[in-house]
Amino acid sequence: MIEMGTLVSEVRVPGGYAKAFEMKKSQFLTIIDVEGQQVGDFVAFSKSDLKEKLSPVHTRTSLLKVKISMGDILRSNYRNPMFKIVADAVGCHDILLAMCDEQRYLVDYGVKDHRSCLANFEEVLRTYGISREQIPDPFNTFQHTKIKADGSLLQLPGLSQPGDCIVFQALMDVIGAVSACPMDLNPIGGNKISDLIIKINER
Ligand SMILES: [Zn+2]
């Protein structure tokens, strides 16, 4: 594990809910999977221009791959470097799939009024003047999406063990949010919803 210096803040994200936070350039964000196999959807905005957002599609284009790993630079929709992955105990995250929203549960599972990552982000980002329409595609930490040889995808339980974490270093001042995904209708969360912890450190 790298030296991350002193703890600036620590927040527990209750399973099925989200928390937002601010972090400065060069600070470290640690997302800890408390019980294991809990997907944590992650979105971020440039603090100086909310139109600039962490972008999975621009990151995939920059890296020319569909998986993220240690040392990778995550890009914004303006193609600027936004985060660097500086530690990763799991090595299995998703940068392909959309976050869950009310329609995902209704259309695909016939369930009305289910909690969702999109509604969670809307709830916690409102205070920063960010609306639902501004929320970008997520980085799905601890989510296990297998790509089969024919190009089709399988949604599998995550590979994270209790206490596993991933650490991002911010490369600009950001407003971010993490949602402990409330999906309980497919196996991505290991058939339970559990808490995440987010920590911000600085050297
Ligand atoms: Zn979700």
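**Exercise 1.** Decide whether Cys117 is buried or exposed in this predicted model.

*Solution.* Buried means under 20% relative accessible area. Cys117 has 0% relative accessibility, and therefore counts as buried.

**Exercise 2.** Determine which atoms coordinate the zinc ion, and where Cys117 and Cys181 lie.

*Solution.* Step 1: the zinc ion is coordinated by the SG atoms of Cys100, Cys117 and Cys181, at 2.2 to 2.3 Å. Step 2: the spacing of these donor residues in sequence is C-x16-C-x63-C. Step 3: Cys117 belongs to helix α3 (residues 117-125), while Cys181 is in the loop between β12 (174-180) and β13 (196-202), so this pair ties together parts that are 64 residues apart in sequence. Step 4: Cys181, at 6% relative accessibility, counts as buried.

**Exercise 3.** Identify the residues that touch the most other members of the largest nonpolar core, and the elements that give two or more residues to this core.

*Solution.* Step 1: the core has 28 residues, of which Leu29, Ile31, Phe42, Phe83 and Phe168 touch the most other members. Step 2: two or more residues each come from β2 (18-23), β3 (28-33), β4 (40-46), β7, β11 (164-170), β12 and β13. Step 3: a second, separate core of 19 residues includes Ala18, Phe121, Ile135 and Met183.

**Exercise 4.** Locate Leu96 and classify its accessibility.

*Solution.* Step 1: Leu96 is found in the loop between β7 (81-88) and α2 (102-109). Step 2: its relative accessibility is 31%, so Leu96 counts as partly exposed. Step 3: together with Val66, Ile147 and Leu153, Leu96 makes a nonpolar surface patch of about 290 Å².

Definitions and conventions
Residues numbered from 1 in each chain as written. Predicted model: local features only at pLDDT ≥ 70, side-chain atom pairs only at ≥ 80, totals over all residues. Heavy atoms only, no water. Patch = residues over 30% accessible without salt bridge, like charges linked within 9 Å, V, L, I, M, F, W, Y side chains within 5 Å. Areas by Shrake-Rupley, 256 points an atom, 1.4 Å probe, with all protein chains shown as cover. Salt bridge = Lys/Arg side-chain N within 4 Å of Asp/Glu carboxyl O. Helix = DSSP H or I, 4+ residues; strand = E, 2+ residues; numbered from the N terminus. Buried < 20%, exposed > 50% of the residue type's maximum accessible area, 1.4 Å probe, protein only. Donors = N, O, S within 2.8 Å, 3.2 Å for Na, K, Ca; no water. Core = buried A, V, L, I, M, F, W, Y, C linked by side-chain atoms within 4.5 Å.
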